[in-house]
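This report goes through one protein model part by part. Keep the sequence and the structure in view while reading.

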Amino acid sequence: MPSSSLLITGATGFIGFQVLLTALQEGWTVRAAVRSAAKADYLAKHPKIVELGVADKLSFVEVPDICDENAYEEAIKGVTHVIHTASPIPSPFLDPLNGVYEPNVKSVNAMLQAALKSHSLKKLVITSSQYGNSPSPPDSMSQTIDADSRVPDVPGPFDSPVSAYWASKIAATNATDLFIKKNNPSFDLVLVFPGWVFGSDDRALSIQDFFSSTNFVLLGVLTGRNDPEPRPSGVVHVSDAAKIHVLALEDGAPQNIGLSVPHVFDDAWDIVAKHFPKEIEAGLLTRGSQPTIPVNWDSSKTESHFNFKFQSWEDIVVSVSSQYLELLGIEPKL
């Protein structure tokens with residue numbers, strides 16, 4: 001196995017792919033964990049990867065089952081840093097327990113155990129979620145939540161993939177905290193808590209690709225879909241999320257990092273009307289609705305520590321709308 005300094009899991013996913021691009025751009029030698037040889041081939045030949053011209057900086061290791069307790073033992077050997085983004089999203093087609101909850105929790109536990117056995121590891125960064133330390137259901141605006149907040153585990157059974165995802169992120173966060181307390185590991189460990197992750201998707205080569213990420217939720221507001229289920233507020237641009245994941249590898253990064261700016265889903269339509277009036281008139285963008293649950297999630301410590309300003313909800317909506325129109329074959333008239 002080639003020598004690598006950074007292992008990235010979930011590199012074919014929305015966040016993971018952007019993390020991979022960012023890490024390679026920053027000069028890291030990366031080992032990407034993938035489920036199969038076909039996934040490795042997909043990444044190696046992706047136009048965005050090829051454009052970078054860093055084939056000598058990227059290698060692959062197969063991890064076919066992220067639930068296996070020994071899943072990452074070979075993958076982690078020899079690396080000094082890890083960014084663990086691998087996680088199923090709460091698709092309505094997945095079984096809540098076996099398809100969402102258990103893979104999320106077991107994958108984090110497998111990574112923690114592999115890290116404990118490593119003789120080279122200096123830092124492990126784990127992607128959680130704003131769900132990972134927020135009450136379920138959220139307590140609206142009555143309390144401030146930040147990356148240092150914690151909530152108790154949520155027992156099953158779970159009536160939906162979303163509730164299972166929420167509970168799994170809480171369980172994984174608490175398991176990580178317990179791991180640190182119990183083992184006092186020699187490596188540094190960082191938990192990253194992103195809100196909803198939207199923004200231009202560098203993986204996407206088609207409309208179908210574009211709808212395969214969490215952008216699907218925002219796109220509903222722009223394409224006439226009315227979802228009756230409220231979703232909590234708090235959002236981050238995928239490029240900001242990737243940038244902070246890579247910055248978290250630096251010495252002195254906080255142990256808990258929040259990635260979230262406030263937003264209201266249905267305000268996206270006002271932003272679209274401001275920036276894309278001709279596309280609305282042409283019927284290319286149509287108004288939908290996604291109810292929002294207000295949540296007071298504070299990520300100001302992240303901006304302060306990294307001297308970084310998160311992109312706004314308006315920036316995010318313009319980014320997603322522009323790529324959607326481009327993939328339709330239409331040049332946005334900004």
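## The loop around S260

In this predicted model, S260 sits in the loop that runs between strand 11 (256–259) and helix 9 (267–275). Is S260 buried or exposed? Its relative accessible area is 5%, and buried means under 20%, so S260 counts as buried.

Which residues does S260 touch, once those up to four places away in sequence are not counted? They are Q130, G195, G234, V235, W297, S299 and F310. One of these, W297, is 37 residues from S260 along the chain, and the C-alpha atoms of the two are separated by 6.8 Å.

## The loop around S128

S128 is also found in a loop, the one between strand 5 (123–127) and strand 6 (144–145). With a relative accessibility of 6%, S128 is buried. Leaving aside neighbours within four places in sequence, the residues in contact with S128 are K169, T173, V192, F193 and P194.

Strand 1 covers residues 6–9, and both of its faces are covered. L6 and I8 lie on one side, L7 and T9 lie on the other, and all of them are buried.

Strand 1 runs parallel to strand 2, and four bridges join them. Within this pairing, I8 stands opposite A32 of strand 2. Between the two strands the chain passes through helix 1, and this β-α-β crossover is right-handed. Strand 1 is also joined to strand 4 by four bridges, again in a parallel arrangement. There, L6 is placed opposite H81 of strand 4.

## Helix 12

Helix 12 consists of 15 residues, 313–327. From its first C-alpha to its last it reaches 21 Å, close to the 21 Å expected at 1.5 Å a residue. After helix 12 comes G329, which has a positive phi, near 90°.

How many of the 15 residues of helix 12 are buried? Eleven are, so the helix is largely enclosed by the rest of the structure. The buried residues are W313, I316, V317, V318, S319, V320, S321, S322, Q323, Y324 and L325. The cover over them includes strand 8 (196–198), helix 6 (207–210), helix 7 (215–222), strand 10 (235–237), helix 9 and helix 10 (277–281).

In soluble globular proteins, nonpolar side chains tend to be buried together. In this model the largest nonpolar core has 77 residues, and L20, F198 and W313 have the most contacts inside it. Helix 1 supplies the largest share of this core, eight residues.

Neighbours within four places in sequence aside, W313 is in contact with F198, L218, V235, P262, H263, V264, F265, D267, A268 and I271.

## Salt bridges

Side chains of opposite charge can pair when their charged atoms come close. How many salt bridges does the model have? The count is twelve. One of them joins K243 to E26, with the closest N and O atoms 3.3 Å apart. This pair links distant parts of the chain, 217 residues apart: K243 belongs to helix 8 (residues 238–247), and E26 to the loop between helix 1 (14–25) and strand 2 (30–34). K243 is partly exposed at 29% relative accessible area, and E26 is partly exposed at 47%.

K117 and E73 form another salt bridge, with 2.4 Å between the closest N and O atoms. Here too distant parts of the chain are linked, 44 residues apart: K117 is in helix 4 (residues 96–117), while E73 is in the loop between strand 3 (58–62) and strand 4 (81–84). K117 is partly exposed, at 49%, and E73 is partly exposed, at 25%.

D201 and R203 also meet in a salt bridge, at 2.9 Å from N to O. Are D201 and R203 buried or exposed? Both are buried. Finally, a network of salt bridges links D146, D148 and K301.

How values were computed
Residues numbered from 1 in each chain as written. Predicted model: local features only at pLDDT ≥ 70, side-chain atom pairs only at ≥ 80, totals over all residues. Heavy atoms only, no water. Salt bridge = Lys/Arg side-chain N within 4 Å of Asp/Glu carboxyl O. Buried < 20%, exposed > 50% of the residue type's maximum accessible area, 1.4 Å probe, protein only. Contact = heavy atoms within 4.5 Å. Pairing = 2+ DSSP bridges. Right-handed = clockwise from strand over helix to strand, strands pointing away. Expected span 1.5 Å × (residues − 1). Core = buried A, V, L, I, M, F, W, Y, C linked by side-chain atoms within 4.5 Å.
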